[in-house]
Amino acid sequence: MVLRFIGTTSDDGDCPTLYDIEETGEILVQGERETDPEHLAQLRDVKESETFVRVPRSLLTRYAPTSDTPELQPFASISHLFQDFKHTAWRLETRRGYASDRKNPKWPLFLAGEDIGSAPDNSWRENVRAQTAQGKRFERVRVVDEPLTQGQEFLLASAPSNITAGEDIRNLTRAQARELRLPDHDFWLFDSKIVARFAFDDDDTTLGVYVTEDPAEVLAACQARDAAWHFAVRTEEFARRVRSTV
């Protein structure tokens with residue numbers, strides 16, 4: 001079962017930390033093992049398989065979910081949010097590749113070495129133009145490897161058309177993302193209020209999204225956004241850096 005990082009109050013990357021076990025709806029708590037004999041003697045109904053850890057109250061008050069695990073929904077169920085949001089639509093991209101990109105008509109052109117940076121508007125870019133014309137913001141941070149994977153190279157090569165339409169796309173190395181303790185899952189954050197977290201299969205195909213307004217989930221997403229946005233590099237500058245190392 002895959003663990004999903006929720007949040008931590010640790011500054012040095014150790015513990016305490018909360019994780020979500022989505023398959024079971026349970027929360028995994030990482031902390032220092034309880035060893036005080038007086039405390040252990042007062043515990044009730046302890047199974048032989050159970051153990052106990054200490055975590056600060058602030059970890060639970062900040063990150064513990066306050067609602068049930070949301071159900072997986074088709075991505076199409078949130079399509080209205082890309083028009084209805086009021087201020088910002090912010091995306092974190094963490095994967096090394098996406099099945100949707102490999103099915104894109106530009107993929108074989110990219111493999112052939114052709115320039116895919118310019119493209120006519122499609123429905124996505126038309127909407128970006130319409131929303132940004134109203135003063136709204138579309139922003140992304142892409143977590144990338146060193147060196148870039150083929151899928152990440154494709155996204156970097158095709159980014160100019162989306163940027164021209166009005167998106168602000170930035171890049172952050174995976175090493176930096178780990179230092180910042182960013183989540184290892186993709187999500188959209190709308191108006192610092194609604195989180196749509198992606199689910200993928202092993203072939204990088206989108207299975208759907210978990211949509212929530214749970215305050216703990218929204219807080220974690222906002223903190224990830226603020227940290228990532230501060231250190232991420234604009235695509236134009238990042239592309240120049242990549243070219244200079246090739």
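1. Helix H9 gives the largest share of the lining of the largest cavity, namely 4 residues; helices (H or I, at least four residues) and strands (E, at least two) are DSSP runs numbered from the N terminus. This is a predicted model, in which local features need pLDDT of at least 70 and side-chain atom pairs count only at pLDDT 80 or more, while totals for chains, interfaces and linings use all residues. Residues are numbered from 1 along each chain as its sequence is written, and side-chain values use heavy atoms, with hydrogens and water left out.

2. The count comes to 2 cavities of 30 Å³ or more, a cavity being a set of points, on a 1 Å grid over the protein atoms alone, where a 1.4 Å probe fits but cannot get out, and lining residues having an atom within 4 Å of a point. Grid points are joined across faces, edges and corners, and a volume is the space filled by probe spheres set on the points.

3. The largest cavity holds about 130 Å³ of space and is lined by 13 residues, with Arg 4, His 185, Glu 217, Ala 220 and Ala 221 lying nearest its centre. Strand E1 (3-8) and helix H9 (215-231) are the elements that give two or more residues to this lining. By class, the lining of the largest cavity divides into 10 nonpolar, 1 polar and 2 charged residues, where Ala, Val, Leu, Ile, Met, Phe, Trp, Tyr, Cys and Pro count as nonpolar, Asp, Glu, Lys and Arg as charged, and the others, Gly among them, as polar.

4. The second largest cavity holds about 60 Å³, and its lining includes Arg 95, Tyr 98, Arg 142, Gln 152 and Asn 171. Strand E8 (137-144) and H7 each supply at least two of the lining residues, and the lining of this second largest cavity divides into 5 nonpolar, 3 polar and 3 charged residues.

5. Helix H7 (residues 150-165) also holds Ser 161, which is buried, with a relative accessible area of 5% (buried is under 20%, exposed over 50%, partly exposed in between, with a 1.4 Å probe and protein chains only). The side chain of Ser 161 reaches the backbone oxygen of Ser 158 at 3.1 Å. Leaving aside neighbours within four places in sequence, Ser 161 is in contact (heavy atoms within 4.5 Å) with Lys 106, Gly 117, Ala 119 and Arg 125.

6. Glu 237, in helix H10 (residues 235-245), is partly exposed, with a relative accessible area of 28%. Its side chain is joined to that of Arg 240 by a polar contact of 2.8 Å, a term for a pair of N or O atoms within 3.5 Å in which, within protein, one must be able to donate a hydrogen and the other to accept it, residues adjacent in sequence counting only if both atoms are side-chain atoms.

How values were computed. On a 1 Å grid over the protein atoms alone, a cavity is a set of points where a 1.4 Å probe fits but cannot get out, and a pocket is an open set with protein on both sides within 12 Å along at least five of seven lines; lining residues have an atom within 4 Å of a point.
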